[in-house]
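Good morning, and thank you for joining this meeting. I would ask you to keep the sequence and the structure in view while I speak.

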Amino acid sequence: MNRLNKFLGYLEGYSGVLITPGTNLYYLTGISPQATEERLFLLVINRGGESTLIAPKLYENEVDWESTIFWSDEEDPYKLLKKVLKSLDLTGGRILVEDTMRASFLINIEKLLRNYELVPLSNVTKEMRMRKDGEEIKLMKKAAQRADEVFYEIISRGLDGKSEKQVALEIEFLIREKGDGISFTPIVAAGENAANPHHTPSERKIRRGDLVVLDFGAKYRGYCSDITRTVAIGKINEKLREVYEVVREAQERAFQTVREGIRAKEVDSVAREYISSKGYGEYFIHRTGHGLGLDVHEEPYIGPKNERVLERGMTFTIEPGIYISQLGGVRIEDDVVVEGKKGRRLTNAERELIKL
């Protein structure tokens, strides 16, 4: 509830807020219902902090909120919402609406909000969530440790002869076996497929001479990790080895620049300029990193145009890559937190080239 109280301080200029289940609702209230896609589940808050939760009756024994209206499948939840808006004196103005709200919900809600200007909730919550407190960083470190553990387990099983899809499923199983689930669907890209940064694992078999990109993440109590390592299957050609070393050095240089007061784009430029100096600039085709927390992609983004000044407690990835069509690709990614005059890696699996 401390977060919710803090959130109310950001509501100057807004009449209220409508929040459906997701990371914002969990961050502010601790409520995280499962499988609510078909039924309206909505927290309504006015600027004074008064609130009502509208929830399906299915959750009557799970949800504990001071003011809750449970509705059955025979009822129209939007009629209930109309009454709630009136009881909370929400009659017009600007109202914050959950960015990820299902379109069918929003379309029906908009019919009741003709007197409102709708504003994305992330305009407010991104500023709160961007700076992690000590407890959040501990949870993210746990998630990162699980990712490190899975990396070593998956390579200990061997990759040669397995399909990309098989390895991706093994990674997902290992993460789920350890507890809280995956941050996103694992990426496994071998050989020429590694030239595709967001490759979908296929039936392509991993074989000798391949570089294999492994990109995955684990969750711990809602917080995400995100790690990428690129490993060699037997002996690789000298061009691939050179590319690997360029990416490894670029990642290290970018990490060493992290500190309070530096701009996000400056971290990006260190990696980008080094890769360009080695003749591979045209093959680095994405930003250097993205923020990380309850969502696997959030603020701050470590890109070439982001003027955001980094502050203590900000967490993000550093993941430069080089992708050459018909040859392959390399990406090395760590999760990093800003701690005063330096950054600290949360993921710590080996970054030197591992040959299997």
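I begin with an open sheet of three strands, ordered β7-β8-β11 and paired in antiparallel fashion. Helices (H or I, at least four residues) and strands (E, at least two) are DSSP runs, numbered from the N terminus, and two strands pair if DSSP finds at least two bridges between them. Strands β7 (187–190) and β11 (227–232) stand at the edges with a single partner strand each, so one side of each has no neighbour in the sheet. From one strand to the next, the twist averages 10°. Axes here are lines fitted to C-alpha atoms, for helices over the stretch in contact, and angles run from 0 to 180 degrees between N-to-C directions.

A word on the source: this is a predicted model, in which local features need pLDDT of at least 70 and side-chain atom pairs count only at pLDDT 80 or more, while totals for chains, interfaces and linings use all residues. Residues are numbered from 1 along each chain as its sequence is written, and side-chain values use heavy atoms, with hydrogens and water left out.

Within this sheet, strand β8 (residues 211–216) is joined to β11 by six bridges, and the two run antiparallel. Leu214 has Arg229 as its bridge partner in β11. Which helix packs on the sheet? Helix α7 (residues 164–178) does, touching β7 and β8, and its direction makes about 150° with that of β7. Contact means heavy atoms within 4.5 Å.

Helix α7 also has a helical partner. Two packed helices are described by the angle between their axes and the distance between the axes. For helix α6 (residues 134–156) and α7, the angle is about 135° and the axes are 10 Å apart. That makes α6 oblique to α7; angles under 35 degrees count as roughly parallel, over 145 as roughly antiparallel, 65 to 115 as roughly perpendicular and the rest as oblique. The crossing of α6 and α7 is right-handed, a crossing being left-handed if the near helix is turned anticlockwise from the far one by less than a right angle, and right-handed if clockwise. From α6, Arg146, Glu149, Val150, Glu153 and Ile154 meet Val167, Glu170, Ile171, Leu174, Ile175 and Lys178 of α7. This contact of α6 with α7 comprises six nonpolar, no polar and five charged residues. Ala, Val, Leu, Ile, Met, Phe, Trp, Tyr, Cys and Pro count as nonpolar, Asp, Glu, Lys and Arg as charged, and the others, Gly among them, as polar.

I turn now to another pair of helices. Helix α8 (residues 238–257) packs with helix α9 (residues 264–277) at about 155°, their axes 8 Å apart. The two are therefore roughly antiparallel, and their crossing is right-handed. The α8 side contributes Val246, Glu249, Ala250, Arg253, Ala254 and Thr257, which meet Val267, Val270, Ala271, Tyr274 and Ile275 in α9. By class, the residues of this contact are eight nonpolar, one polar and two charged.

Next is an open sheet of six strands, in the order β4-β3-β2-β1-β5-β6, with mixed pairing. Its twist averages 20° from one strand to the next. Strand β2 (residues 42–46) and strand β3 (residues 51–56) run antiparallel, joined by four bridges. Leu43 stands opposite Leu53 in β3.

Finally, the whole protein has nine helices and 18 strands. Its C-alpha trace spans about 70 × 45 × 35 Å along the principal axes.
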